[in-house]
Amino acid sequence: MSLRTVFRRIMAERLAFAGFIFIVLLVLVAIFAPWLTPHDPAEQNLSKVLKGWSTEHWLGTDELGRDVFSRLIMGSRAAIQSGAIAILIPLFIGVPLGIISGYLGGIVDDIFMRIVDGIIAIPAILLALGITAAFGASLWNAMIAIGIIFTPQFARLARGQTLQIRKEHYVEASKISGGFTRWIILRHIIPNIAPPIVVQASFNLSYAVLIEASVSFLGLGAHDPQVSWGSMIQQGYSMIHMNPWLIIYPGMAILLTVLAGNFFGDGLRISLDPKHKLEDK
Amino acid sequence: MFLRFLLRRLLYVIPMMLITSFVVFSFILLIPGDPALTILGENATEERLRFVREQLGLDKPIPVQYFHWLTNALQGDLGRSIFTGELVHETVFSRLTVTFQLVVSAMIFATIGGMFFAIASVYFQNSWIDYFARFLGVIGSAIPNFWLAMLLVLLFSLNLHWLPATGFTSITKDPVQFLRGIILPSIALGAVGMAQITRHLRSSLLETMNSEYVRTAYSKGVDKWRAVMRHGLRNAMLPVVTTIGILFGNLLGSTVVIETIFGIAGMGQLAVNSILQRDFTMLQGVILVMVVLVIVINFITDVVYAILDPRIEYD
Amino acid sequence: MDHVNAPLLDVQNLGAYIPTARGIIRPVDGVSFQVREGEVVALVGESGSGKSVTAMSILRLNAKVIRYTPESRILYKGNDLLSLKDREIRKIRGAEISMIFQDPMFSLNPVHRIGRQIAESLIIHRGMKPKEALEMALDLLNKVGIPDAKNRINNYPHQLSGGMRQRVMIALALACRPKLIIADEPTTALDVSIQAQILDLLRELQREHNLSILLITHDLGVVAETADRVLVMYCGKIVEEGTVETIFRRPQHPYTKGLIESVPRLHGPIGKRLHAIPGTVPNPLELPEGCKFVTRCGYASEQCAWREPALAELGLESRAACWHPLNLQGGTASENGTARIHLER
């Protein structure tokens with residue numbers, strides 16, 4: 001039915017748009033977190049332990065009397081920072097390496113791809129565990145680990161695009177003398193690489209939030225007084241029979257953030273690829 | 001012909017395994033300062049420090065260290081636990097069967113669930129089950145697995161008291177208890193996989209149902225069920241086989257979280273404990289075994305795919 | 001009802017339309033024709049003329065977006081196929097009416113062996129056991145001229161050449177001894193040398209089993225070789241109808257004439273430009289009010305722009321929808337005529 005098709009198109013774009021708005025809002029919250037928290041997220045108050053909703057503590061208090069709402073807001077920082085690092089490190093390290101490897105080709109490319117594949121073969125969490133184990137458990141180290149995890153992926157993406165472009169422009173470029181060749185190819189590579197990388201970056205945000213939460217949940221990431229949604233869940237789990245809401249709020253926060261990243265990524269992928277059919281996903 | 005094909009694939013996998021093993025090995029190298037000191041802390045005795053340094057082979061140059069480590073590993077010797085002194089490979093392999101049962105259960109759940117929803121979604125296009133399946137696919141891909149585990153425990157253990165919240169019984173000891181204990185962890189572990197398979201198979205199936213050979217099938221008088229199951233599915237499953245193979249690696253990694261929550265004494269829990277106890281040799285051993293498993297499964301997946309697709313030539 | 005003369009297939013006022021955001025598109029707009037027993041009828045037209053939609057409509061294989069006007073009727077042996085339930089039309093598909101499609105590479109299932117694909121309709125319609133059905137499939141492969149059929153039967157489609165794949169398609173279509181075969185561009189995707197073989201095969205089978213064939217094509221050479229009667233379609237309507245001789249020797253409609261003249265010739269003065277029909281097919285959302293061909297017709301008058309001509313009898317077995325039929329009397333066609341196209345049978 002044509003009406004449904006139209007509805008679906010709007011829906012597909014609307015979800016992506018909603019995802020984008022959510023991420024923007026989240027970034028703003030993360031930036032202005034210290035001013036947005038009604039209470040100090042680390043402040044303990046053992047007389048007000050595990051309270052429910054109230055006007056003073058909107059979402060109640062946790063097992064150490066800390067304000068859940070404030071902690072939730074503060075936790076957005078860890079999430080956004082993880083996402084940012086998961087995009088920036090691969091972008092500035094992985095992409096150039098991938099382009100160089102694809103451009104040079106030959107044995108350099110072969111070796112590079114073997115290394116990349118070798119790293120990708122390791123499940124992300126194990127890689128994060130290994131790195132945090134070596135460097136010590138902290139939120140910062142967890143985020144560096146995440147950045148390292150995503151670098152080979154971006155490198156592969158960049159290399160793939162570079163190879164394609166090299167094939168297409170090789171004939172044209174061979175007519176122009178040496179120096180110009182490289183510049184022109186570079187000019188063509190960047191704009192062509194951008195769309196798939198932007199799409200991948202959006203999914204990386206989601207995945208980074210999940211990994212950071214998992215690592216923090218295991219006690220290898222955020223430590224008090226650092227706040228992360230993952231660590232909130234870890235701490236809240238021991239109180240689950242007393243107040244299950246302690247894990248529900250941070251869990252929902254993670255879920256919504258990941259959904260936002262996924263929706264936005266999907267929407268980007270559709271709009272950036274003219275061949276992609278909008279009908280069925 | 002087929003043998004040559006296998007050989008060529010192996011030739012690609014082996015250098016990759018070497019690199020991966022080097023990465024796993026290099027975790028130790030990343031430790032700033034004196035690793036032995038970092039591991040044991042400041043109050044360590046000289047004797048303990050020497051033991052650790054010997055275990056890690058820290059006094060030799062790096063390539064030599066790696067070489068020794070690798071050759072030992074290939075013979076099955078993964079060193080001794082810094083913490084308990086036990087043989088690493090014994091501990092790891094004793095836990096392997098446990099994790100194996102968990103991961104296989106989760107994969108069965110993910111695959112069967114995924115296939116069910118994808119097929120139902122396509123057969124009853126635009127019905128409520130179609131929307132529900134797509135909803136599951138979206139949520140399943142986004143939900144943190146440990147959080148899902150907790151919600152499941154909250155509902156099925158703490159509220160309804162139907163299923164246990166922790167513990168594991170091997171299937172060989174008591175199948176019924178095994179089943180009761182494995183349901184929640186399998187769902188929590190496999191949910192992401194089910195979502196991925198649902199989405200992938202659904203889109204693949206929709207594509208094949210629009211193909212010309214399905215049209216030919218209809219022109220022969222084939223009914224919708226047969227068209228979906230015998231014509232569409234057989235073709236649509238091919239790319240999904242690869243997804244399933246990759247899923248195995250994800251699931252294996254995620255056992256660290258799930259086994260911790262459900263108190264399952266498998267490799268994942270071992271990995272987490274090793275980190276908390278700073279037992280590096282054990283950690284290296286566990287991760288190495290896991291990674292080798294992942295690579296082997298990926299290799300098998302590639303081969304299976306080649307077998308299933310008659311269009312792939314073997315030279 | 002006089003069964004000897006009643007047509008096997010009787011299409012009446014077939015109208016297919018697709019509502020879109022920008023208006024209604026009518027790929028088929030009031031098409032009527034008949035196919036009698038043992039007859040080969042060719043449906044000719046450029047892409048976009050509506051011939052494929054017409055062909056697919058018979059077995060109701062069109063995409064779900066296509067709808068039919070209430071006046072549409074497709075009568076097979078007196079029953080309206082458009083009004084049948086799903087279960088009933090499935091009995092017709094493959095058993096009474098079969099189809100052969102254009103591209104055998106994509107029309108055959110890549111992961112099924114060809115024997116099984118042929119056997120499938122036998123299993124469905126005749127209730128045969130797989131083993132029996134495969135034996136019969138072997139028979140059919142021999143019949144359509146596949147060499148070494150005993151081994152080939154276990155091949156996959158990609159292991160066969162294009163011509164052989166099309167033979168397999170024909171075997172598939174023939175399996176349950178249908179009365180009517182709809183062939184949608186059966187030779188378009190094949191090499192020219194193979195085309196002739198396939199057409200020969202079709203003719204042979206047609207004669208042997210007294211099949212009716214509805215042949216969809218844009219290739220006039222194929223029409224000349226194979227058809228008894230010809231229907232020319234343009235913009236969703238039939239603009240001319242006649243026997244193969246009449247159409248080629250005395251085309252009435254300017255479009256038909258244009259089509260015939262557009263066929264490149266081997267003989268004839270060198271340096272002469274290829275003849276093409278000037279202009280392009282009009283946008284389906286902006287069709288002219290009168291005759292749809294008016295924008296490209298060299299014989300058009302004012303009347304043609306405002307009033308749409310209906311199909312009119314212009315002689316024995318010849319009808320055309322034109323205000324100024326070319327009406328070439330007797331003898332051969334114009335000097336550019338049809339010397340090139342052989343009318344051997």
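I'll start with the core. The largest nonpolar core has 252 residues, and those with the most contacts inside it are A:Ala128, A:Ile146 and B:Ala149. A nonpolar core here is a set of buried Ala, Val, Leu, Ile, Met, Phe, Trp, Tyr and Cys residues joined through C-beta atoms within 7 Å. Buried means that 20 or more other C-beta atoms lie within 10 Å of a residue's own; exposed means 12 or fewer, partly exposed is in between, and the C-beta atoms are placed from the backbone.

Some housekeeping. This is a predicted model, in which local features need pLDDT of at least 70 and side-chain atom pairs count only at pLDDT 80 or more, while totals for chains, interfaces and linings use all residues. Residues are numbered from 1 along each chain as its sequence is written, and chains are lettered from A and ligands numbered from 1 in the order in which they are written.

Back to A:Ile146. Leaving out residues up to four places away in sequence, A:Ile146 touches A:Ser82, A:Ile85, A:Ala86, A:Ala128, A:Ala208, A:Ile211 and A:Glu212. A contact is a pair of residues whose C-beta atoms, placed from the backbone, lie within 7 Å.

Now chain A as a whole. Chain A has nine helices and zero strands. Helices are DSSP runs of H or I with at least four residues, strands are runs of E with at least two, and both are numbered from the N terminus. Of the 281 residues of chain A, 45% count as buried. Among contacts in chain A with a separation of 6 or more, 69% are between residues 24 or more positions apart.

On confidence: pLDDT is the predictor's confidence in each residue, from 0 to 100. The mean for chain A is 82, and 86% of its residues reach 70 or more. Where pLDDT is low, the predicted coordinates should not be read in detail.

Next, the interface between A and B. 38 residues of chain A are in contact with 36 residues of chain B. On the chain A side, the elements giving two or more residues are α4 (106-120), α5 (124-135), α7 (178-217), α8 (229-237) and α9 (245-272). Which of them gives the most? That is α5(A), with nine residues. By class, this side of chain A has 27 nonpolar, seven polar and four charged residues. The classes are: Ala, Val, Leu, Ile, Met, Phe, Trp, Tyr, Cys and Pro nonpolar; Asp, Glu, Lys and Arg charged; the others, Gly among them, polar.

Chain B has twelve helices and zero strands. Its C-alpha atoms fill a box of roughly 80 × 60 × 35 Å along the principal axes. Buried residues make up 44% of the 315 residues in chain B. Chain B averages a pLDDT of 86, with 95% of the residues scoring at least 70. One residue to look at is B:Tyr131, in helix α6 (residues 128-142) of chain B. B:Tyr131 is exposed, since it has 11 other C-beta atoms within 10 Å. B:Tyr131 and B:Arg48 are 83 residues apart in sequence and 61 Å apart in space, C-alpha to C-alpha.

Finally, chain C. Helix α5 (residues 130-143) of chain C has 14 residues and reaches 20 Å from its first C-alpha to its last, close to the 20 Å expected at 1.5 Å a residue; the expected span is 1.5 Å times one less than the number of residues. The buried residues of α5(C) are C:Ala133, C:Leu134, C:Ala137, C:Leu140 and C:Leu141. They cover an arc of only 115° around the axis, so they lie on the same side of α5(C). The arc is that of the directions from the helix axis to the C-beta atoms. These buried residues pack against α4 (114-126), α6 (149-152) and α7 (162-174) of chain C.

Last, backbone angles. Most residues other than glycine have a negative phi. C:Cys235, in the loop between β10 and β11 of chain C, has a positive phi near 50°. Is C:Cys235 buried or exposed? C:Cys235 is buried, with 23 other C-beta atoms within 10 Å.

Note on methods:
Two residues are in contact if their C-beta atoms, placed from the backbone, lie within 7 Å.
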